[in-house]
Amino acid sequence: MRESRVGVVGATGAVGTITLRLLRERGYTNVRAFASERSAGSMLDGGIVVEEATPDALAAGDLDLALFSVGTSASRELVPHAVRGGAIAVDKSSAYRLEPGIPLVVPEVNGARALEHDGIVANPNCCTIPLTCVLKPLHDAAGLRSLRVSTYQSVSGAGARRMEALLAEPQAEHNLVMDWSWDGDETDEESKLRAETRKIMELPELPVSATTVRVPVLVGHAEAVWLELEEPLSPDQATELLAAAPSVRVVEVPTPRDAAQTDDVLVGRIRRDRASEHGLALFLACDNLRKGAALNAIQIAELLLDRVAVQNDRSLV
Ligand SMILES: NC(=O)c1ccc[n+]([C@@H]2O[C@H](COP(=O)([O-])OP(=O)(O)OC[C@H]3O[C@@H](n4cnc5c(N)ncnc54)[C@H](OP(=O)(O)O)[C@@H]3O)[C@@H](O)[C@H]2O)c1
């Protein structure tokens with residue numbers, strides 16, 4: 001049983017729902033659910049009644065951990081209040097990801113950075129998390145020189161309402177879209193992928209070119225990745241490294257359906273990139289609501305909570 005006092009802020013959303021489920025599965029018993037005024041008072045699976053996420057409620061000092069999945073502007077407003085109340089906040093929006101001094105963490109890749117937090121740890125974008133899990137062992141072995149990626153992102157990445165909209169849409173109207181905001185000639189998802197990958201991998205100059213696409217799939221993001229390495233690395237060597245990497249599972253052909261409701265990043269189609277020297281091409285798929293969001297945030301929190309528990313044990317000696 002885990003006794004930390006946890007607040008899930010955004011508990012009625014696509015990510016919040018999975019966060020509550022994972023916390024239950026992991027034995028957390030002291031969990032509260034927060035959302036906007038709209039859903040305050042409603043009861044969720046497991047009998048938890050939703051509380052309104054007001055600044056006062058979050059700053060009351062009765063939370064050890066606040067897991068936020070409320071969107072960027074609400075996070076900007078609310079996260080500082082939870083921190084003021086003494087909670088560690090793990091925020092899944094893009095509000096703090098690129099802020100200097102705020103760690104942006106994938107535990108398997110740069111977990112030690114989480115310990116540098118000053119109250120807030122940022123959880124990366126749902127495509128950046130699986131991508132960096134796969135890049136890390138290859139970079140450690142052969143040095144990453146450049147990266148190209150094309151994404152196939154499910155509608156759950158855009159929230160619970162978009163999932164309902166897809167289910168209601170006639171199949172003949174399903175389409176591929178690029179439904180993000182524009183940042184010059186790129187989507188902001190494409191520039192986030194570049195900036196976040198550089199920050200997590202600590203490769204500030206890494207050339208990254210991305211095309212992000214929304215596909216009519218409910219859950220599970222996939223990515224086609226082409227990477228150029230400093231040193232030669234054969235597909236067999238890459239496969240061996242990836243098979244040994246934490247949270248990564250090598251399969252023949254990764255699909256969103258196989259990845260959905262699992263914790264692993266599936267990677268396959270590992271082959272030579274015929275268009276570049278020392279190039280590799282591969283394909284990955286991951287559950288964007290789990291490792292792409294809720295699970296990664298809980299893993300970050302557990303790194304920090306375990307650390308606090310060790311410190312408390314030491315102070316008792
Ligand atoms: N979906 C993904 O795959 C994914 C992956 C990584 C990161 N994220 C990030 O996680 C965040 C949430 O995503 P989502 O897909 O779960 O969205 P969602 O399904 O639309 O859920 C949004 C949640 O935030 C709550 N909320 C909205 N405005 C609020 C406010 N002003 N105060 C308090 N609560 C508020 C909503 O509560 P009500 O029900 O009361 O409206 C709902 O619980 C976003 O920042 C997103 O970028 C999502």
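Biologist: Which helices each supply at least two residues of the shell around the ligand?
Modeller: A word on the source: this is a predicted model, where local features need pLDDT of at least 70, side-chain atom pairs count only at pLDDT 80 or more, and totals for chains, interfaces and linings use all residues. Residues are numbered from 1 along each chain as its sequence is written. Helices (H or I, at least four residues) and strands (E, at least two) are DSSP runs, numbered from the N terminus. Those that each give at least two shell residues are helix 1 (14–25), helix 3 (72–84) and helix 10 (290–316).

Biologist: Which residues come nearest to the ligand?
Modeller: A residue counts as near a molecule or strand if its C-beta atom, placed from the backbone, lies within 6 Å of it. There are 28 residues around the ligand, and the ones that come nearest are G10, G13, S36, S93 and G159.

Biologist: How many residues of the shell around the ligand are charged?
Modeller: Ala, Val, Leu, Ile, Met, Phe, Trp, Tyr, Cys and Pro count as nonpolar, Asp, Glu, Lys and Arg as charged, and the others, Gly among them, as polar. The shell has eleven nonpolar and 15 polar residues, and its charged residues number two.

Biologist: Why does the shell around the ligand lie between the domains?
Modeller: The domain bounds come from an automatic or database domain assignment, which gives domain 1 (6–124 + 293–316) and domain 2 (128–288). The shell lies between them because residues come to it from both domain 1 and domain 2.

Biologist: How many residues does the contact take from domain 2?
Modeller: The C-alpha centres of domain 1 and domain 2 lie 25 Å apart. Two residues are in contact if their C-beta atoms, placed from the backbone, lie within 7 Å. Domain 1 puts in 14 residues, while the number from domain 2 is 18.

Biologist: And which elements give two or more residues to the side of domain 1 that touches domain 2?
Modeller: That side divides into eight nonpolar, four polar and two charged residues. The elements giving two or more of its residues are helix 4 (107–110) and helix 10.

Biologist: Which residues touch the most other members of the largest nonpolar core?
Modeller: A residue is buried if 20 or more other C-beta atoms lie within 10 Å of its own, exposed if 12 or fewer, and partly exposed in between, with C-beta atoms placed from the backbone. A nonpolar core is a set of buried Ala, Val, Leu, Ile, Met, Phe, Trp, Tyr and Cys residues joined through C-beta atoms within 7 Å. Of the 92 residues in the largest one, those touching the most other members are A66, L67, V267 and L284.

Biologist: Which residue in strand 5 stands opposite A66?
Modeller: Two strands pair if DSSP finds at least two bridges between them. Strand 4 (residues 65–68) and strand 5 pair in the parallel sense over four bridges. Both faces of strand 5 (residues 88–91) are covered, with I88 and V90 buried on one side and A89 and D91 buried on the other. Opposite A66 stands A89.

Biologist: Is R269 exposed or partly exposed?
Modeller: Most residues other than glycine have a negative phi. R269, found in strand 13 (residues 265–272), has a positive phi of about 50° although it is not a glycine. With 15 other C-beta atoms within 10 Å, R269 is partly exposed.
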